Structure formats: structure tokens, C-alpha cells
Amino acid sequence: MSSSALTFSSVTKKIVMSLMGLFLIIFLLVHLTVNLFLLFDPTRELFNVAAHFMATNPVLKIMEISLFAGFIIHILFGLILQIQNWLARPKRYKVEGYSHTSFFSKFMIHTGIVILIFLVLHLLDFYFKLKFGDVPNMIIHGHEYPDMGLVVIEKFSITSFIIIYIIALIILGFHLHHAFQSAFQSLGLNHTKYTPVIKALGTIYSIVVALGFIIIPLYIYFY
Amino acid sequence: MDFTLKIWKQANSKAKGKFETFKVKDISADCSFLEMLDILNEDLIDKVQLPINFDHDCREGICGMCSLYINGRPHGPDQGITVCQMHMRNFKNGSKIVIEPWRSKAFPVIKDLMVDRSAFDEIIQAGGYVSVTTGGVPDANSIPIRKELADLSMDAAACIGCGACVATCKNASAMLFVSAKVSQFALLPQGKVEAKRRVQAMVAKMDELGFGNCTNTYACEAECPKNISVSNIARMNREFLGAKLGAQKA
Amino acid sequence: MTRLDSKIPEGPLAQKWSNYKSKQNLVNPANKRKIDIIVVGTGLAGGAAAASLGELGFNVKNFCIQDSPRRAHSIAAQGGINATKNYPNDGDTVYRLFYDTIKGGDYRAREANVYRLAEVSSNIIDQCVAQGVPFAREYSGLLDNRSFGGALVSRTFYARGQTGQQLLLGAYGALSKEIKKGTVKMYTRSEMLDLVIIDGKARGIITRNVVTGELERHFAHAVVIATGGYGNVFFLSTLAMNSNGTAAWTAYKKGAFFANPSMVQIHPTCIPVHGDYQSKLTLMSESLRNDGRIWVPKNKEDAEKIRKGELKPNDIAEENRDYYLERRYPAFGNLVPRDVASRAAKERCDAGYGVGSGLAVYLDFKESIGRLGKDVIEARYGNLFQMYEKIVDDNPYETPMMIYPAIHYNMGGIWVDYELQTTIPNLFAAGEANFSDHGANRLGASALMQGLSDGYFVLPYTLQNCLSEEIRVPRMSNDLPEFVEAENNVRERLEGLLSIKGTKTVDHFHKRLGKIMWEHVGMGRNEEGLKKAIEQIKELRQEFHKDVRIPGDMTGVNTELEKAVRVSDFLELGELMARDALNRNESCGGHFREEYRTEEGEAMRNDDEYKYVAAWEFSGDDKEPVMHKEPLVFENIEVKQRDYK
């Protein structure tokens, strides 16, 4: 295979996009699970322990690097594909496509860019704060843990923050709705029996992830 | 029935085109869309004006020559047919109809509504065939082929190469066209022999010619006059992955 | 004195082709690449020939008028392709296919050519399967067959209702392979407008690039014309809009004889005409006659009420329906050959039993849907039913289809010998463009067979026999005076047409010609009508050359100019067709002279006087053409009245 991303064939790029996408889909589930600890444990102990484990376990350290790589490749390839796609139709139609197809599929680049901006803000707000900022500590079972839960709860009491957060997550849901089944199609996994199941799973997944992430700030804000 | 037509006019491939408005009157609902354009052209010639150029040939939906983008849809509003099979009863009396050529970097406009689709021929030349020569082949019944596979292969082979998939795709991707040919052969024992080489060569040619990338919007399937399924695209992705991961360079 | 030598090889019928092949001259591989061959047309005959000749190593130039070789009108053939595989074990043999074809052609085809066609038919199926053509299969995984008109065995291979498309795409694939290899150079959107003859041999063509409008000169050691039929002389036909007779007509005017021009096939199952604006007729595959039953009302009053819309076809009780094909021809029933079925429909409609506009009969699937179930019918004909519904806005699963005969195929064409060489040395004609195999009527599923047979299995041999004489002839320059002159003639002709600047469109004249042809040179012909047609065509031709209006100029795309050239040729060809029909004082196959029929209204041949091929020689503009006879000798088949009862 050739080395430059620009000379990968279109199908290779699609396959890479989908593999990275599936990886991110799994990551989001893990992330959601950890976040949900905040809902069920007012002491924030579970959440903080989990967050600490995620941040320090050596195996997960490797995963973390892979995750960053995954994000970067997914974003980079997405942008390259999109630029090539724009170039493939230099003159646009007067009446734009009316085709009955998945609505969200037409806006992957737009939803993707919104998610990218949100991701940067999200990292600044939480991730880099944990890595480089001043997070107060709390002691759980004799050990000192950074109290990330507190940081989260503080952020989630700011109204404007929550609104932006919720909008971004709804858009993430749209992105995921198309992404889930699309990843299988790109990998060549299309079947008369199973594809409808995959599509249904994708819808469930995108709703669960978006709603799951949205419930947490709402819960914290109102209770 | 009366219609107002807004049609793309472009003198040649280098000229800058523009939309012009025409009116047609007293069109029968049983008139086909291209016959409606014939009537308009006869009228224009009577007025000593240049007729509108558009590609068409068999007028029974099989040659794949006709290629009009009507009100935002290739081959117009009806499902599963080409524009030559579409009749004016599909439009409301008095409505405005916008007619554009296929728009894609790989399909440059030749004149008015005619485009150059030789890119499709080049993709086929890259490997869209079984490399047998005439004579010296085994008896037709020497290899039984499961009926289900032969039928699936026929579904894919029904492609008429009109380019509606490229025209409607927001990315101007040719994946449906290429995958239909790849699938037709990948499903048959005769085509399997050189399947790996074929899929790589055809995808490479498709990319080289400036078609966009597939983002699985499935607009191609929705607009294909022959209802070619996007499952062919998945099959091609699978074939491609298999070919790339295969131990030997094909 | 006739100049026709059909070059039929010696020996018994079954050995002629192998005798020919064993004795013919070949060209050695090193010399092949020094020899240029022009193939005009990319349909089944042209595409298959170009690909096969390229494979052999010749340097081939292939031309088509469409934007891609894949769009040739062979693509529209629906029903199937015949071959003597005898897979169903129902008694088929090479001789039987030969017999059916000669008999179906009403004993007006050359025995040796037809036998060769039957002989290679099986190879075609092998070839196409190897190319990846997805023919219909049974659950066993083996190939499926269906029956077709004019045969008592099931020998038709098919790919849904798109057999022509699949076979053409097979040939197109083979052609694409050769284009990639560089042995074939493809010229798309190019129209042949003249043939270049040097020292009595065909040595090239003049084409017009329809995108740039430029005229181009192309040299070759031999030229193959495979440009299909000229049915569009009738304006309305099942042919593609761009199908035309210009290449063949150009050859005729340069000295190639034109054989049996009046032999036109009228296909019985087309969607009836519905308005003046109509540009084309749509065929419904003949295979529908396997399961559909053709009828009209038994009582004239019922037919009248149906025409007025007071009765629906389903209101007509079973006993009041006249299944006229089953009544007249109990042995073959709805599967009689095309000419018989077409005439029978015309007879009923002329007698006042027609439905729809009066020029239509019913094709009814009620009985077979009841017997086999809707699913089976849908699997067999789903795409055809869908097409019918889209065009007519009527559901054929519930109400019977309406059909009427339409112009479909030309049995006549450029005269060729056994080698498919015309009367101009080094000029060959293949497929529908030649006259050779179908006599006065072609059987269903035989056109695809003939096109591919000529292209894959005949020309690659016979051309070599001719080209073996050419190995010492170097490539010639395009600047030879013959090329310059031919190009100038074409330019003058085009400029002449453009300079008329009259008042009526090309289509106006084409439609008027079509009406004359359909009325007098169509399904029923008579002496008076034919004479009238000749006069009317002459007048129309003069009017055309005074009053046609062609906008635009020679440069760039000018479709009206393209059409004008074709119609001006049709205006001459139509006259020749009428002359040929007038000459043939008998009824045979597609040629039905109303004066010559039996008491029961069936066609009456006159074997004593007309058992010959009429080959017409051009003798100058506005001069009467000269007719040459090629007598037909039947040594292997008993000539008898065709009987499908």
C-alpha cells in the first residue's frame, strides 16, 4: 500500500474511516458507562475511581494513544474524502438532489465538523484539566483521587454550557445514526437478513448514546 | 397540458452555459418526456432557432443513452425507469420543469444536455470483463451455477451504464456502476478467476478519472432506473478488502 | 449476365463449413498486425467481430454513432438466442434448426449459410457463458430453455427479458479488453458517410465526428459493415432513433448489391400507436406468446363497444372471444412465426374486430396466471409487464395487454457471398446489415444468433481468406486522391443539404415517408399501391431537396444535419424497397402481396419464378437499378408450402 493518505484508493479510505468509526463507537459506549456512574453514586467515588483507572492503567494508556490516532485518522480521512467529493462536481445543480435517501447521510461532514469543534472544547474543559490543570483531590478508601466528578458537576451547573453540550450531543446522535450502519456497509457487511437488524441497532445505539449523555447534565442541573 | 421548461443551454464543451426558458402547449398526457422535447424542437426549428441537443437512442429504457436531470432527479420523478419511458402524466399541468445535464467532473458537458460518459468505458476497459478469447471454451453446462447466484449476478448485470448514480450522488461517485460490474463477475465461477485483479484495477481507474468517494447515502440505489442494489457496493468493498489482504499481489 | 458468385464450398451440406475452414488461406501472426480492418458498428455482429479480430492480432478500427459501443441497438433484443444444444432432450439437432430457419424464412435463404449458422449456434452459448453472461438457470444449476415461435423444440437461451443486453455486454467486454490491449482503436460518436474504393477494392471510409463536426479519413485493408437494419425508413419502428441505413446505402451506391430490400419483418407483439407525436414503437417480447393467448371479440358489436369504451375486455365472456391464432393454426397456436401472427392480427383488425383504437388485439394472461400463479408469470415477464404499465398506464396482470404489429427487422440487406463478402472486393457485411440467413422471414431468437455467429465464428475465418492476399499491400496514405475525392463528396453533400434552407423540418419529411411506406410497402402490398408509392417517394424526395430546413452549420454537434443525411438516404432506399416488392409477384414470409394468396388468405409462394434472391445494382442517381438473380438451390430440404396448422 502506498504511504500517502492522498493516494490511498477511495475504497481503502472508506474502510479505514469505518474501522476507526467503529472503534470510536465502542469508545463512546465505555465513556457513557463511566459517566453514568455519576447518576447512581452521589458520593462521586465510583466515577472518580473509574476515571482514575481509565487515565492511569497502562493498557488503557495504549488505548488512549490509539484513540487519539483513531480520532485524527477519522477526521483527516473524512476531510480528504469530502474535499475530493467537492472537486468531483465542480458545477453544481440548480435544483439540488431530491432523492429519497437517509437525510443524515447527506450532512456527515457538517455534523462531523460540529462534533470536532465540540471535541476540542470538551478536551479543554475536562481532559486537559485532568492532565495538566488543577483538579482538587478527594480521598477514597485511603487513596487520593482527583475529584473529576466535582469538575463535571460544576460545569453542568452553568446553563449556557449545558445548552451547547446538549446541542452537540444531538448532532452527535445524527452523525452516529448514519455512521453505525454505514461502517458495516463500507466493510462489505451487507446482507438481506442482517442489514435491517444492523440499521435498527444503529438507530437504538445513536439514541441511547445521545440520550444517555444528555440525561447526566440535566439530572445534575435540576437535582 | 402546458409546461414551462427551464433548460440548460451550452454551445460546446468550452462555452459558458446558461438556463433558457421555453414554453410548450397542448401536450398529451400519454406523450413521453422525450417526445415532448421533440415537439419543442420541431417548434424551435419552425421558428428558425437551434434545437435543444440531448442524448437518446432506443427509447425503451435499455440503451442507457438518455441522461436528463429533471427537477432535481436523474431520469425525472418516476421510479425505476429511464427518462425515455417516462410520460408527461407524471407532471402537473402548468408546472415548471427544470432540465439539467448530468453534473460531474468525469462527465463533461458536450453540448446543452449531452455529456461525455467515456469515463465509464475506460473503467470497463480497466477490467470489467472475463479475459476469455473467442473459441476454445468449455461446454456451457460444464460448470453448474446455483440459480440464486446466477439471479443475483443478473440483477447486477442489468445496469445500463446511464450514469444516473453518478448524477444523483452528492459526491458524484461511480461506486454503484463499478460495483455492479464487479459483482456480476464475482458471483460467477467464470468471473472469479480474475476477480482480485479486476476489482483493484477498476477501483483504481474510477479514482483516477475524478469520480467522488462513496459515503453510503444510497441515493444511487434510489435513483437507479434498473434498481441496482447498494448491496453490490458492499460486495465490492468486501472483494476489494479480500484482494488487498490476499497474500499475493494480484 | 449476373456477377453473383455465392462461393458455396464443395461437399455435402454438413461438411461445407469444415471443408471451407480446412482449405482456406490464413494470415500468419507476424503479418496480422500489419493489416488494418475497419469495422463499422459495435452491435452483436460488429462488436463481436472487432473483438475477435483484435484477439487474432489484426489492427482493428471500430466505429459507432453512440457515445459508447455498449449502446448499439442489439441491446434492446429481449427474448433470447437459439442454439442446438438439445439440453432439454426434446429432439433438437443442427439439421432441425437449419430446417426450421429455412422453412421459417419461407425458402428464400441460402442453404449453406443457414446450415453454418445452425452449426456454430452451440459455440455461441459456450462462448457467452465463458464471458460471464448470466443466462437463466434452473435449480440444478444448468441452463434453462424456453420455446419460441416457429419451432417445436425448446432451444432458446435467455437472460430474463434482456438477452440482447447481456449478449451485447459480453461482446462489449471482449471489445473493451481488446481496446485496452491496443489491438482495437475505438471511434465513438462517429458516423460513416462514405466508402473509399481504390483499384476496385474497399480501402477505407469517410466519417463525420458528430461532436466536432469534422470529417475524417480512415484507411483499412478491408472494411466490415455491421450497422444493423434500415427499419426506420418507416419512421415508426421498434428500432432505436439513431438506427439508420446510411452506411449500407453508401456501400450500395459504391457498387455493393442490395439483396431483397423489401423483406421486412413486422413484429406481432408491440404496443399499439397512440398519437402523431409518437417517435417510436415499443416491442413486447415474443416470449410473451408462450403464456399469453391472443384474441379479439367474436362479435363485431362487442369490438365496437370496446372501442367506444362501453365495454371492458374482461366483460367479454369466454365463448364470445375469438382466439384466432389457436383457431386457424391448431398445431402452433399462439406460437406461429411472426409474419403469420402479424398478418392474422391485421386481418382481424381490417375486418373490424380490432380493439383500442381499432388497430390492436388482446394478449391475455388470465389463463396462465390461473394455471401457473401470478408469481410464475411475474418471474418470467415481470420487467415486460412493468414496462407495459409505465407506457400504457394499464395493469396487464388484470386487463389483457393490447398489441399490434410493428416494423422490427430487415431480412434484406447488402448481398454477401458465403464468406460474407459483398460484390465490392474487401467489403464485408455482417449481422442484420447483410441479407444472408433469414430468407423472407426471421424466426424469433435468431437475430442474436446470426449477429454473434457472423462476428465470433464466421468473419474471423473468412476475412483471413481475403486478407491473405493483402499481406504485401502496405498501409496506404489518407492523402491518396480517392480519399480526398470521397471526403470532398461528403462535404459537398452536407453543404448542399445545409444550403437548402427550406421551410420544413427533417422529421416532417421522415414522417410522410413513413406513412407512404407503411401504407403501401408494409404488411400488405399490391401492384397498384407499390407503383403509387414509387411515385410518391420520388415526389417527396424532390420536395425534401427543395424545402428541408436544417438549422446550424457543419461545425460541432448538429443532430438535424445527421438526421437529414439519413432521411435523404431513406428517401432513396424506400423507393428501392417498393421496386423490389413490386418485382416479386408472390407472397413469401414478410412480403405479402395481396394478389397472391390462397383461398384461405394464406401467403402463396411462386417457387417456379421467384425462387431467387433479388440483388439490386445501383446504376446512377435517377436511373432504374438493375436486378440480378441469385437462384436458390435446395438440395437438402423439400420445398413445400409452409404449414403451421
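In chain A, the mean positions of the 14 positive and 9 negative charges lie 25 Å apart. This value, like those that follow, was computed from a predicted model. The C-alpha trace of chain A extends over about 60 × 40 × 35 Å along its principal axes. Of its 223 residues, 46% count as buried, and among the contacts in chain A with a separation of 6 or more, 74% are accounted for by residues 24 or more positions apart. Chain A has an accessible surface of about 12100 Å², and carbon and sulfur atoms account for 76% of that surface.

With regard to the arrangement of the chains, two pairs touch, and of these the pair formed by chains B and C has the most contacts. Chain A and chain C, by contrast, do not touch, and their nearest C-alpha atoms are separated by 19 Å. The size of an interface is often given as the accessible area lost when the parts come together. For chain A and chain B, the buried area comes to about 3400 Å², with 55% of it given by carbon and sulfur atoms. To this contact chain A contributes 37 residues and chain B contributes 45 residues.

Within chain A, Asp125(A) is joined to Lys155(A) by a salt bridge in which the closest N and O atoms are 3.5 Å apart. This pair links distant parts of the chain, with Asp125(A) in helix H4 (residues 108–132) and Lys155(A) in helix H5 (residues 148–155), 30 residues apart. Asp125(A) has a relative accessibility of 17% and therefore counts as buried, the limit for that class being under 20%.

In chain B, a salt bridge is formed between Asp43(B) and Lys47(B), whose closest N and O atoms are 3.4 Å apart. Asp43(B) is partly exposed, at a relative accessible area of 31%, and Lys47(B) is likewise partly exposed, at 49%.

In chain C, the side chains of Glu560(C) and Lys563(C) meet in a salt bridge with an N to O distance of 2.9 Å. Because the two residues are three residues apart in helix H17 (residues 559–583) of chain C, Glu560(C) and Lys563(C) are separated by about one helical turn. Glu560(C) counts as buried, at 3% relative accessibility, whereas Lys563(C), at 24%, counts as partly exposed. Elsewhere in the list of charged residues of chain C, salt bridges that share partners join Asp106(C), Arg108(C), Asp339(C), Arg343(C), Arg584(C), Glu586(C), Arg605(C), Asp607(C) and Arg642(C) into one network.

Conventions. Residues numbered from 1 in each chain as written. Chains lettered and ligands numbered in written order. Predicted model: local features only at pLDDT ≥ 70, side-chain atom pairs only at ≥ 80, totals over all residues. Heavy atoms only, no water. Buried < 20%, exposed > 50% of the residue type's maximum accessible area, 1.4 Å probe, protein only. Contact = heavy atoms within 4.5 Å. Areas by Shrake-Rupley, 256 points an atom, 1.4 Å probe, with all protein chains shown as cover. Lys, Arg positive; Asp, Glu negative; His and termini not counted. Charge placed at Lys NZ, Arg CZ, Asp CG, Glu CD. Buried area = accessible area lost by both parts, 1.4 Å probe. Salt bridge = Lys/Arg side-chain N within 4 Å of Asp/Glu carboxyl O. Helix = DSSP H or I, 4+ residues; strand = E, 2+ residues; numbered from the N terminus.
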